[in-house]
Amino acid sequence: MALIKLPVGRSSFADIRRNGYYYVDKSGLIRELLKAEGTQVTLITRPRRFGKTLGINMLAEFFDIQKDSRDLFQGLSVAGDSELCQHWMNQYPTLFFSLKTVDGLDFCSAYAQLSALLAELYKHHFYLMDSSRIHELDKQLFYKIAAQNANLVELKNSLSSIIKMLYCHYQKPVILLMDEYDVPLAKASEKGYYEQMLDVMKGIMYAIKDNEYLKLAVITGCLRMAKESIFTGTNNFISDTITGSRLNEYFGFTQTEVEKLLADTSLSAHSKEIKESYDGYHFGDYDVYCPWDVINHVSRLLLHPNAKPSNYWGNTSDNAVIRSFIDLTGSSITKKFETLLSGGTVVQKLEDELTYDNLHSSEENLWSILYLTGYLTTAKDTPASRQLPQDCLAFVIPNAEIRSIFEKTVQKWFAEQSKAWNREKLFAAVWSGDAQTVTSEMGKLLRRTISYHDYKEDFYHAFFAGIFAGAGYAVESNQEYGEGRSDIVVLDDANDRAAVFEIKYAKTPAALETACARAVRQIDERAYAKTLEEDFAHVVCYGIAFYKKRCAAKVKKGGATE
């Protein structure tokens with residue numbers, strides 16, 4: 001097998017093509033976009049890491065009149081359309097830039113970032129300063145923006161200004177390509193200067209409103225902002241989202257593309273694990289994998305053949321959107337989360353036009369955000385997805401990676417919340433051997449959390465450990481004691497005492513008592529307390545049984561079970 005170089009973390013189309021990196025041919029995107037040539041502005045929204053930046057970078061290489069890109073596209077599908085290439089390849093002045101770096105703790109620092117970004121865009125076209133077709137006053141403005149000396153009004157108009165100057169110089173309309181358009185507004189919403197940044201972005205976006213100097217514009221982002229919030233007055237505008245689109249096969253990897261990649265890397269034996277971990281997204285009529293995950297995992301497998309799937313996509317974000325959802329802690333939201341985590345479907349209304357200043361204003365908005373940003377997808381061909389109320393979709397968790405993100409977020413939330421809950425009554429009952437109160441208090445805590453893993457024993461292990469952790473106790477899980485490994489051991493060195501918990505899952509409510517008794521027998525038969533009794537003056541042992549959010553506890557003291 002020839003050496004295959006995978007473009008991990010690379011989003012430069014020219015870099016990938018010139019340096020022989022593996023490329024999944026998405027050049028058909030060009031043909032599809034140009035089928036709607038009459039559309040002046042196309043907004044493409046997709047979750048992060050689904051190929052937006054590489055796609056728009058490819059468009060820049062194809063259209064830019066300053067480049068000669070024939071070699072880059074040789075062998076790709078778009079190159080087979082000679083008439084299209086003759087008319088469009090390297091034929092138009094092109095502006096390409098990304099807003100993903102515009103961030104700051106306050107408006108001043110974010111504004112400075114935006115000013116610097118636009119200055120770099122201007123400096124890239126500094127040759128316009130020598131153009132005889134551009135008015136001297138426009139050149140003075142050009143220099144001010146390039147030198148970051150422009151005032152607020154000039155900065156707002158900077159995109160419109162350079163589009164006009166490029167048109168004058170080349171005597172051709174301009175192609176505008178803007179990546180991650182909504183990042184400045186998302187960051188501003190997080191940091192508290194949304195209205196100020198919105199005012200600036202409205203001015204910049206005015207460049208796409210019925211602009212006679214503009215041939216076409218392609219803009220990408222994660223969310224479709226409500227037209228009245230940022231695209232006010234923009235006509236001839238198409239929004240291409242994951243709910244329905246002719247472009248969905250160009251963002252994400254299809255099954256055929258993944259199979260070819262695995263065959264080319266001799267890793268077809270890993271097809272099942274990759275599908276379970278990274279497939280499952282339904283965008284319009286297409287089923288796609290997250291390309292970031294696939295490329296990263298295949299790259300890792302080439303170095304470490306026994307590597308297990310990892311959480312590549314989730315590690316590129318703090319996943320705060322899930323946490324903001326959980327923090328609502330409404331009973332209806334809790335039940336819906338539990339349904340999703342157990343593999344079920346939740347039917348919700350989709351709000352596909354949002355503004356960052358009111359994302360958390362309704363539950364519908366939050367469900368829509370989870371869907372539009374890639375944490376949920378639509379259920380395909382299930383009873384829930386066949387007959388839906390108007391404007392509603394049936395949502396599911398797409399794959400094992402996203403399920404893991406949800407579970408870890410829930411675990412972290414519970415660990416934090418449990419520290420704030422009053423557990424003194426529970427702790428007192430544990431150390432005094434009051435099994436009845438332990439049962440009652442555990443039940444109260446269970447009803448306050450979100451369950452997952454279909455209520456299997458590993459959920460209850462984490463739940464139990466979370467209650468005692470951070471309360472001044474040392475918690476050990478599955479450590480060797482006596483003649484086996486006990487589930488949970490809580491050590492209170494300061495008071496010379498320890499508690500042993502053996503946890504069982506009951507399949508029915510009626511089986512709780514039997515499961516408790518079985519747990520106590522296991523403690524006795526495997527002598528879990530024997531080693532502890534040598535080190536602690538007081539050792540208490542419990543058999544704990546759970547059925548969903550119900551609990552039963554029995555205590556074993558001095559050879560008797562209560």
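## What lines the largest pocket

The lining of the largest pocket divides into 24 nonpolar, 14 polar and 11 charged residues. Here Ala, Val, Leu, Ile, Met, Phe, Trp, Tyr, Cys and Pro count as nonpolar, Asp, Glu, Lys and Arg as charged, and the others, Gly among them, as polar. This is a predicted model, where local features need pLDDT of at least 70 and side-chain atom pairs pLDDT 80 or more, while totals for chains, interfaces and linings use all residues. Residues are numbered from 1 along each chain as its sequence is written, and side-chain values use heavy atoms, with hydrogens and water left out.

That makes 49 lining residues, and Arg48, Arg49, Lys52, Glu180 and Cys222 sit nearest the centre. Helices H3 (52–63), H10 (183–191), H15 (291–303) and H16 (320–326) each give two or more residues to this lining. H10 has the largest share, with 5 residues. (Helices are DSSP runs of H or I with at least four residues, numbered from the N terminus.)

## How much space it holds

The largest pocket holds about 1,600 Å³ of space. A pocket is an open set of points on a 1 Å grid over the protein atoms alone, where a 1.4 Å probe fits, with protein on both sides within 12 Å along at least five of seven lines; lining residues have an atom within 4 Å of a point. Points are joined across faces, edges and corners, and the volume is the space filled by probe spheres set on them.

## Salt bridges

Side chains of opposite charge can pair when their charged atoms come close. Count a salt bridge wherever a side-chain nitrogen of Lys or Arg is within 4 Å of a carboxyl oxygen of Asp or Glu, and you get 24 of them.

Take Lys156 and Asp199, whose closest N and O atoms are 2.7 Å apart. Lys156 belongs to helix H8 (residues 152–156) and Asp199 to helix H11 (residues 194–205), so this pair ties together parts 43 residues apart in sequence. Lys156 is buried at 18% relative accessible area, while Asp199 is partly exposed at 38%. (Buried means under 20%, exposed over 50%, partly exposed in between, using a 1.4 Å probe and protein chains only.)

Glu363 and Lys336 also form a salt bridge, with 2.7 Å between the closest N and O atoms. This one links helix H18 (residues 363–372) to helix H17 (residues 331–341), with the partners 27 residues apart. Then there's Lys67 with Glu61, at 3.8 Å from N to O: Lys67 is partly exposed at 33%, but Glu61 is buried at 10%.
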